[in-house]
Amino acid sequence: MSSVPPLGYGFITEGLALPPLEQVLRSVRVVDIPMRVTFRSVNRRQSALIQGPAGWGEFAPFLEYDDHEAAAWLACALESAWLGAPPARRATIPVNATLPAVSAERVPEVLNNYRGTIHELKIKVAEKGQTLDDDIARVAAARRALPNARLKVDANAGWSVPEALEALAALNEYDLLYAEQPVATVDELAQVRALVREHGLSMLIAADESVRKASDPLKVAQAHAADVLIVKAAPLGGARRALKIVEQAGLPAVVSSALESSVGIATGVSLAAALPNLPYACGLSTVSLMSADVTEDSLLTRDGELQMRRVAPMESALRRVEAESEVRDAWVERIRRCYLVLQEALHTSL
């Protein structure tokens, strides 16, 4: 199997240098958006929007990420703003709704935030402080609300191998499409995948963190540890690098978001539009989980689909969500640091 494409892969393939840092910082707008519901322990979402000659990109690494991990997110934002989208194979993207780890009673309320028919739903499970009974109740409520939808669960590496097997056996009656990142490591994923088959459980195993947080995102495929790859443009360093990783892995892929505004979601949609095959709905509907957006024309799902289109922030929307000066200064400084990391990575790869 081929080696992993280097960070900054899009700029390398296009034969272009990174834009000067001063040019990158010239257009930065930092936003701070409250969430409708807590998602991934986040109740406010901060990010930096960057404008380039090809449009806008979003730099939105979570606050706990160090500069080396966050540099991939900057590579993605700069690729979107300076290189634009890769060639598209489709104009419409199937998209799943996402159900955070809310109580079973709140399931109908959250699902009502989505417009039109939900054909596929991803349900968060294994949340800290909750129990397997909470997960079962949430999945059961989702199945009652959506009897004909394809359901899948995402544990965000929250289980051990025995816990994963117990949980997936208990959830098997709800006809799950796949279980996303049930355990933390590639070796554990391989164990769970083998045990699922051994026990005759019907769901597939998908890898997320083991792809986007790994030093070698191809290791999952090499170890036969998953049936599906979850890919996210920002953590993998841009749409072009993500496409190359999927090509080298040889597994079906699902494109997911990293809880971004419509600007970042548009980058994820461009990645999904460029994939050769798209057998499962993508996780690109998280804008509906935010209480505001950076545009009045949000990239929202209708009837389980998103249209590929460019998105630019609007001044009227930005004024409502613009971060305070102290927060803005911290994000600008973070961009400076991550730019140096990205610049060094590009220099090393050439």
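Residues are classed as buried when their relative accessible area is under 20%, as exposed when it is over 50%, and as partly exposed in between (1.4 Å probe, protein chains only). Helices (H or I, at least four residues) and strands (E, at least two) are DSSP runs, numbered from the N terminus. The structure is a predicted model, in which local features need pLDDT of at least 70 and side-chain atom pairs count only at pLDDT 80 or more, whereas totals for chains, interfaces and linings use all residues. Residues are numbered from 1 along each chain as its sequence is written, and side-chain values use heavy atoms, with hydrogens and water left out.

In helix α6 (residues 161-171), the buried residues are V161, A164, L165, A167, L168 and L171. An α-helix has 3.6 residues a turn, so residues three or four places apart point the same way. The elements that cover the buried residues of α6 include α5 (132-145), β7, β8, α7 (186-198) and β9 (204-207), contact being defined as heavy atoms within 4.5 Å.

The unreviewed UniProt entry places the feature "binding site" at D154, E180 and D208. These positions are spread over 55 residues of sequence, yet they cluster in space, with a largest C-alpha distance of 9.1 Å. UniProt positions are given in the numbering used here, with feature names shortened, and annotations may be inferred rather than shown by experiment.

D154 belongs to strand β7 (residues 150-154) and is buried, with a relative accessible area of 0%. Beyond residues up to four places away in sequence, D154 touches K122, I123, K124, V125 and E180. Its side chain makes a polar contact of 2.6 Å with the side chain of K124; such a contact is a pair of N or O atoms within 3.5 Å, where within protein one must be able to donate a hydrogen and the other to accept it, and residues adjacent in sequence count only if both atoms are side-chain atoms.

E180 lies in strand β8 (residues 176-180) and is likewise buried, at a relative accessible area of 1%. Apart from its neighbours within four places in sequence, E180 contacts K122, V153, D154, A155, N156, A206, D208 and I230. The C-alpha atoms of E180 and E209 are separated by 9.2 Å, although these residues are 29 residues apart along the chain.

Elsewhere, S80 is found in helix α3 (residues 67-82) and is buried, with a relative accessible area of 12%. Not counting residues up to four places away in sequence, S80 touches A54, W56, G57 and T267. The side chains of S80 and T267 are joined by a polar contact of 2.9 Å.
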